[in-house]
Amino acid sequence: MANPQRTQVGIVGAGPAGLVLSHLLYLYGIDSIVVENRSRQYVEDRVRAGVLEQGTVDLLTEMGVGERMKTEGLIHYGIELRFGGRGHRIDFKDLTGGKGIMIYAQHEVLKDLNNARAATGGQVYFEVEDVSVHGFDGCRPTIRYKKDGNSHEISCDFIAGCDGFHGICRPSIPSGVLTEYVREYPFGWLGILAEARPSSEELIYTYHDRGFALLSMRTPRISRLYLQCKPDEDIALWEDERIWQELHTRLTSDGWKLTEGEILQKGVTGMRSFVVEPMQYGRLFLAGDSAHIVPPTGAKGLNLAVADVRVLARGFKEFYATGRRDLLDSYSEIALRRVWKVQRFSWWMTSMLHRFPDENPFDRRRQLAELDYVTGSRAAAKTLAENYVGLKLPGRHL
Ligand code: APR
Ligand code: PHB
């Protein structure tokens with residue numbers, strides 16, 4: 001092996017989970033090396049979600065990577081649920097004692113984290129190949145990878161698998177150890193990024209006969225909109241004109257007008273709920289999408305990844321400070337408690353707001369009654385609000 005490297009925590013994947021973990025460990029005085037198979041440019045240009053819970057905003061701020069988020073992000077204190085052609089606001093500020101959300105794109109968060117890692121001498125290796133993990137069931141885990149045709153090996157005390165759903169870490173755990181829980185949804189989302197002034201101050205979640213629709217945004221000039229479609233919808237069949245027509249139809253509401261603009265990017269994503277248990281095996285710890293996937297209706301993917309590594313980083317901090325493994329040994333248990341609550345909320349939002357192809361007319365009436373109840377009962381609206389702004393995170397942020 002060319003120049004063996006040594007670190008305390010080896011991290012696979014430079015998405016939100018990997019980069020937040022690496023910078024948290026730096027703030028705790030713990031070394032880490034991140035290996036990522038994509039280029040920095042690719043990771044920083046990849047359009048993903050953009051809703052940050054209060055807890056995520058507070059953690060990024062305390063980590064010292066919140067400056068640009070504070071100046072360029074949009075703080076929202078509510079969302080609108082729209083059905084039967086009428087809108088109903090869910091007032092987060094009133095229902096959660098002042099909490100809100102921040103609209104700030106995931107790839108902007110990654111840019112801020114990469115800048116912070118670079119500014120503090122962080123070791124993040126992009127464009128590596130053939131990453132593999134070894135020895136994590138023993139006491140000398142290693143990560144092997146190729147870079148510019150040369151083979152490299154990192155020996156470490158622990159490995160954090162932050163390599164997403166299609167990564168190599170989860171499949172590296174011996175078969176029979178993990179239990180998978182999966183729910184596939186019989187629909188997908190057709191999403192667009194458009195150079196259009198957002199037609200609403202806040203996000204609009206719409207239940208419509210023709211299917212779900214969501215109006216979101218990125219900046220005062222860029223809108224992000226989604227339409228429920230078939231899971232294998234062919235985007236080639238959707239000219240821009242047809243997309244706008246469908247959005248007008250589903251989002252319609254008295255006296256409200258949708259502003260169109262040039263579509264910059266469009267794509268279709270499938271929807272599933274997925275969890276593996278446990279989220280650790282030996283000295284390999286899974287965090288973020290490598291351990292769980294939520295349907296995007298609750299805007300939780302990024303926030304759940306950050307919540308995982310917050311607990312994991314604490315476990316490493318305790319281990320290197322005291323040699324105790326209590327927190328590390330209970331990482332999976334602690335993280336999964338939150339994962340399942342967030343899975344429940346994301347499934348609930350998805351089930352309440354989408355048309356199911358094989359639906360029974362009874363369910364349709366029940367969905368409308370649920371929307372009527374959630375927008376008419378303070379208790380029910382409070383439940384939605386406290387889940388949307390983010391369930392309380394155990395303990396202090398840093
Ligand atoms: N080797 C190295 N890096 C890898 C490998 C591999 N074999 N496989 C995947 N990666 C990288 C991906 O390129 C990606 O940059 O791991 C990273 C995983 O990042 P994410 O998929 O963003 O997952 P995570 O950090 O858990 O964040 C979850 O991201 O995808 C959104 O909606 C999702 O919001 C959620 C959040
Ligand atoms: C987004 O802005 O991309 C977004 C917002 C809310 C969601 C999902 C995605 O529930």
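Here Ala, Val, Leu, Ile, Met, Phe, Trp, Tyr, Cys and Pro count as nonpolar, Asp, Glu, Lys and Arg as charged, and the others, Gly among them, as polar. By that scheme the shell around ligand 1 has nine nonpolar, eight polar and six charged residues. The model is predicted.

**Ligand 1**

- The shell around ligand 1 holds 23 residues. The closest are Glu-36, Arg-46, Arg-48, Asp-289 and Leu-302.
- Glu-36 places a polar side-chain atom 2.6 Å from an oxygen atom of ligand 1.
- Backbone atoms also take part. A backbone N or O atom of Leu-302 sits 2.8 Å from an oxygen atom of the ligand. For Pro-16, a backbone N or O atom is 3.2 Å from an oxygen atom of ligand 1.
- Ligand 1 exposes 700 Å² when taken alone, and the protein buries 88% of that.
- Helix α9 provides the largest share, three residues.

**Ligand 2**

- Ligand 2 is surrounded by 14 residues. Tyr-205, Ser-216, Arg-218, Tyr-226 and Pro-296 are the closest.
- An N or O atom in the side chain of Ser-216 is 2.6 Å from an oxygen atom of ligand 2.
- Taken alone, ligand 2 exposes 280 Å², of which the protein buries 98%.
- Strands β16 (213–217) and β17 (223–229) each supply at least two residues of the shell.
- By class, this shell has nine nonpolar, three polar and two charged residues.

- Six strands make up an open sheet with mixed pairing. Their order is β9-β3-β2-β13-β20-β19.
- The edges are β9 (123–125) and β19 (280–281), and each of these pairs on one side only.
- Inside the sheet, β13 (residues 158–161) and β20 (residues 284–286) run parallel and are joined by three bridges. One pair is Ile-159 with its bridge partner Leu-284 in β20.
- Helix α9 (residues 301–322) lies across β2 (9–12), β13 and β20. The helix runs at about 175° to β13.
- The helix that lies across these strands is also the one that gives three residues to the shell around ligand 1.

- Strands of a sheet pair through backbone hydrogen bonds, either parallel or antiparallel. The pairings in this group are given next.
- β10 (residues 129–134) and β11 (residues 142–147) are antiparallel and share four bridges. Within that pairing, Val-133 stands opposite Ile-143 in β11.
- β11 also pairs with β12 (residues 150–155), again in the antiparallel sense, over six bridges. Lys-147 has Asn-150 in β12 as its bridge partner.
- β11 and β12 form a hairpin with two residues between them. In the turn, Asp-148 has a positive phi of about 50°.

Methods: Residues are numbered from 1 along each chain as its sequence is written. Chains are lettered from A and ligands numbered from 1 in the order in which they are written. This is a predicted model: local features need pLDDT of at least 70, side-chain atom pairs count only at pLDDT 80 or more; totals for chains, interfaces and linings use all residues. Side-chain values use heavy atoms; hydrogens and water are left out. A residue is near a molecule or strand if one of its heavy atoms lies within 4 Å of it. A polar contact is a pair of N or O atoms within 3.5 Å; within protein, one must be able to donate a hydrogen and the other to accept it, and residues adjacent in sequence count only if both atoms are side-chain atoms. Accessible areas come from the Shrake-Rupley method with a 1.4 Å probe; for residues, only the protein chains shown count as cover. Two strands pair if DSSP finds at least two bridges between them. Contact means heavy atoms within 4.5 Å. Axes are lines fitted to C-alpha atoms, for helices over the stretch in contact, and angles run from 0 to 180 degrees between N-to-C directions.
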